[in-house]
Amino acid sequence: MPETAPRDLPRIAGILLDLSGVVFLGDAAIGDAVASLADLRAKGLPLRFVTNTTSKPRRVLLDRLHCLGIPAEGGDVFTPALAARALVAERGLSPHFLVHPDLAEDLDMRSTGPVDAVIVGDAARGFSYEALNAAFRLIDGGAAFIALARNRTFEDADGRLSLDAGPFVAALECAARREAELVGKPAEAFYAAAVADLGTAPTETVMVGDDVEADVAGALATGMAGILVRTGKYRVGDETRIDPGPTATVADLRRAVDWILERA
């Protein structure tokens with residue numbers, strides 16, 4: 001499949017990268033992602049990993065990167081759970097969680113009073129009627145409604161798409177007639193925090209992802225370049241589903257890195 005022609009852009013000084021579907025799938029690197037990231041590091045370009053994964057804590061993501069031979073520290077990985085924890089602390093909220101149990105260590109917060117917020121992530125098998133209805137009743141009663149992410153799907157270990165948190169967030173929005181406050185991609189505050197940590201201007205920053213909505217459209221809306229890779233959850237025609245379209249659409253992370261290094 002031919003690659004889309006990239007637009008003319010200023011030099012690239014910083015990179016944001018999605019993880020699952022771009023760097024790795026399950027426990028395996030995608031293509032030569034490890035060598036591609038090493039090439040970016042060798043150039044001295046600052047990069048951060050920004051993920052909407054809400055079924056695994058940051059510790060597990062870091063362990064996976066380390067096992068693949070990819071150097072990364074805690075501050076290099078931005079997750080919605082950590083953004084939510086900061087938001088809860090800032091507002092003094094007492095949250096009820098509808099999330100995957102493995103995420104508990106990143107959401108280690110004690111309630112300070114009656115529940116006044118509901119935080120929804122990818123709860124997987126935890127999305128039972130009883131759990132969804134309990135969350136709905138709290139939201140309907142006035143609790144703040146916070147979504148870690150609203151991705152529609154993710155690529156599962158078997159290579160097929162599975163439901164992500166988005167459809168369940170949408171169901172609660174429909175029932176409660178309220179829109180959730182999003183803290184993960186493509187929320188502007190989430191991207192702004194990552195770009196600020198890079199120390200680059202948005203116009204000199206590029207986001208590389210496999211999700212045309214959360215990764216690419218979100219990046220473009222904040223003034224960054226957005227590269228769509230045809231790995232992970234990408235499906236034929238995804239690049240036509242947003243307007244404006246991706247800055248570039250390429251085969252994989254290797255081709256994305258080549259594109260970046262030509263403009264670094």
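Arginine 177 sits in the loop between helix H5 (166–176) and S11, where helices (H or I, at least four residues) and strands (E, at least two) are DSSP runs, numbered from the N terminus. The model is predicted: local features need pLDDT of at least 70 and side-chain atom pairs count only at pLDDT 80 or more, while totals for chains, interfaces and linings use all residues. Residues are numbered from 1 along each chain as its sequence is written, and side-chain values use heavy atoms, with hydrogens and water left out. The points below cover backbone features, salt bridges and nonpolar cores.

**Backbone features**

- Arginine 177 is not a glycine, yet its phi is positive, at about 55°.
- Arginine 177 counts as exposed, at 80% relative accessibility; buried means under 20% relative accessible area, exposed over 50%, and partly exposed in between (1.4 Å probe, protein chains only).
- Alanine 124, also a residue other than glycine, has a positive phi near 55°.
- Alanine 124 is found in the loop between strand S7 (117–120) and helix H4 (129–140), and it is partly exposed, with a relative accessible area of 40%.
- Lysine 185 and proline 186 are joined by a cis peptide bond with omega of about 5°.
- The loop that holds proline 186 runs between strand S11 (181–182) and helix H6 (188–198).
- A cis peptide bond also leads from aspartate 243 to proline 244, with omega near 5°.
- Proline 244 belongs to the loop between strand S13 (225–229) and strand S14 (248–250).

**Salt bridges**

- There are 18 salt bridges in the structure, each a side-chain nitrogen of Lys or Arg within 4 Å of a carboxyl oxygen of Asp or Glu.
- One of them links the side chains of glutamate 239 and arginine 230, at 3.7 Å from N to O.
- Glutamate 239 is buried, with a relative accessible area of 15%, and arginine 230 is buried as well, with 17%.
- Another salt bridge pairs the side chains of glutamate 262 and arginine 263, with an N to O distance of 3.2 Å.
- Glutamate 262 counts as exposed, at 62% relative accessibility.
- Aspartate 258 and arginine 254 form a salt bridge through their side chains, at 3.6 Å from N to O.
- Aspartate 258 and arginine 254 are separated by about one helical turn, because they stand 4 residues apart in helix H8 (residues 253–262).
- Aspartate 258 is partly exposed, with a relative accessible area of 30%, whereas arginine 254 counts as buried at 18% relative accessibility.
- Through shared partners, salt bridges join Arg254 and Asp258 with Asp32 and Asp39 into one network.

**Nonpolar cores**

- The largest nonpolar core has 32 residues; such a core is a set of buried Ala, Val, Leu, Ile, Met, Phe, Trp, Tyr and Cys residues joined through side-chain atoms within 4.5 Å.
- Residues with the most contacts inside this core include Ile15, Phe49, Leu253 and Ile260.
- Among the elements that give two or more residues to this core are strand S1 (14–17), helix H1 (33–43), strand S4 (47–50) and H8.
- H8 supplies the largest share of this core, 5 residues.
- Isoleucine 260 touches Ile12, Ile15, Leu40, Leu45, Val206, Val208 and Ile227, leaving aside residues up to four places away in sequence; contact means heavy atoms within 4.5 Å.
- Another core, of 17 residues, lies apart from the largest one and includes Ala123, Ala143, Ala147 and Phe168.
- In soluble globular proteins, nonpolar side chains tend to be buried together.
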